[in-house]
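Please read it with the structure open beside you.

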Amino acid sequence: MSGAGPSPAGRTGAEYRIEDLAHASGATVRTIRAYQDRGLLPTPERRGRANVYRDTHLTRLRQIADLLDRGYTLASIKELLEAWDTGRGLGGVLGLVAEVHGPWTDERADRITRAELEVRFGGTSDDRAVAEAVDLGVLEPIPGREDEFLVPSPQELAVAVELYAAGVPLSAISGHLRELRGQVEQIASRFLEFTTEHVFARYLGHRPPTDADAAEAASMVRRLRPLAQQTVDAELARAMRTFATRHLEQHLTAEEPFTSARVAHTPVPVALPPSTITAVERLVGQEHAAAFVTAATEREVQARTLDTLASSHAKMQQIDQIG
């Protein structure tokens, strides 16, 4: 029954038995029947004792699969599809979904083999560290290729390589990343709450939104997408300059030698500009501002330490060449 050809009603197009539809869509027969029971699929044509499905059913199954992959529940998918079926349109909504689900960075993913990974980390083979990197999403296994990984953020991996070369243990690097990720997720959540309240609420007043409102919201996402990172970069640079300067002054004038314990147990009060404090509180919330600034300070100190180490290493190489 599968294949193109005229139907008894004079319509043309492909016709599918449920088994054929399952094969073409990638869904199981059981899943297709479950979608029918929930009203997610149009009622198939009954012909004798068999149901006949068409390309509209195949298209609908692919739409459902795509929305599920993007994190939508079946209940929310049903609302979207019902809106489309009643003539409200779905193009704008799907455009909004694609815009939000699209890349939020210009960075491109890369691939790396296990051997290349070991070379970059000084020839060390560490299964536990690799498993930790996979758990954190720094590395993603590639199905069918046990010794190769996808690297979603080559930049993030490069930072880990530099920190390790500077003497930071892999366990400390992964622990720091976990801590930093939690703080960054708070910033992202706060920024979304802020923009939803002041910008997107007007477009998302209907569930689902109208096609025009969804298209306008998608356009707004494109405009606002870089603002969170730009704001964080600017405020982080401002805070780091203040904190790093005070931090350096403390250790240059201290009678005791510099130790990590001394950093942890000898805090020095720093007066930040009110505008900086306000900006940080808007991003992460008042209750998380202190933790964010503290983490930002640690990050800048580590970065400057790496710069100093790299500079010293370069000078030593020059001296060796002269000698």
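Predicted model: local features only at pLDDT ≥ 70, side-chain atom pairs only at ≥ 80, totals over all residues.

1. Leaving aside neighbours within four places in sequence, Arg114 is in contact (heavy atoms within 4.5 Å) with Ser125, Asp126, Asp127, Val130, Asp147 and Phe149. Arg114 lies in helix 6 (residues 114-120), where helices (H or I, at least four residues) and strands (E, at least two) are DSSP runs numbered from the N terminus. At 18% relative accessibility, Arg114 counts as buried, given that buried means under 20% relative accessible area, exposed over 50% and partly exposed in between (1.4 Å probe, protein chains only).

2. Residues are numbered from 1 along each chain as its sequence is written, and side-chain values use heavy atoms, with hydrogens and water left out.

3. As to the overall picture, the protein has 14 helices and seven strands, and of its 323 residues 30% count as buried. Among contacts between residues at least 6 apart in sequence, 60% join residues at least 24 apart.

4. The structure holds one aromatic pair, for which ring centres (of Phe, Tyr and Trp, the last by its six-membered ring) must lie within 6.5 Å, with planes under 30 degrees apart counted as stacked, over 60 as edge-to-face and the rest as tilted. The rings of Phe121 and Tyr164 have their centres 5.5 Å apart and their planes at 65°, so the pair is edge-to-face. Because Phe121 lies in the loop between helix 6 and helix 7 and Tyr164 in helix 8 (residues 154-165), the pair ties together parts that are 43 residues apart in sequence. Phe121 is buried, with a relative accessible area of 10%, whereas Tyr164, at 25%, is partly exposed.

5. How far apart are the end C-alpha atoms of helix 9 (residues 170-198)? They are 42 Å apart, which agrees with the 42 Å that its 29 residues should span at 1.5 Å a residue, the expected span being 1.5 Å times one less than the number of residues. The buried residues of helix 9 include Ile173, Leu177, Ile187 and Phe191.

6. The axes of helix 7 (residues 127-136) and helix 9 come within 10 Å and cross at roughly 10°. The contact is made by Ala129, Glu132, Asp135 and Leu136 of helix 7 and by Leu170, Ser174, Leu177, Arg178 and Arg181 of helix 9.

Notes: Axes fitted to C-alpha atoms, helices over the stretch in contact; angles between N-to-C directions.
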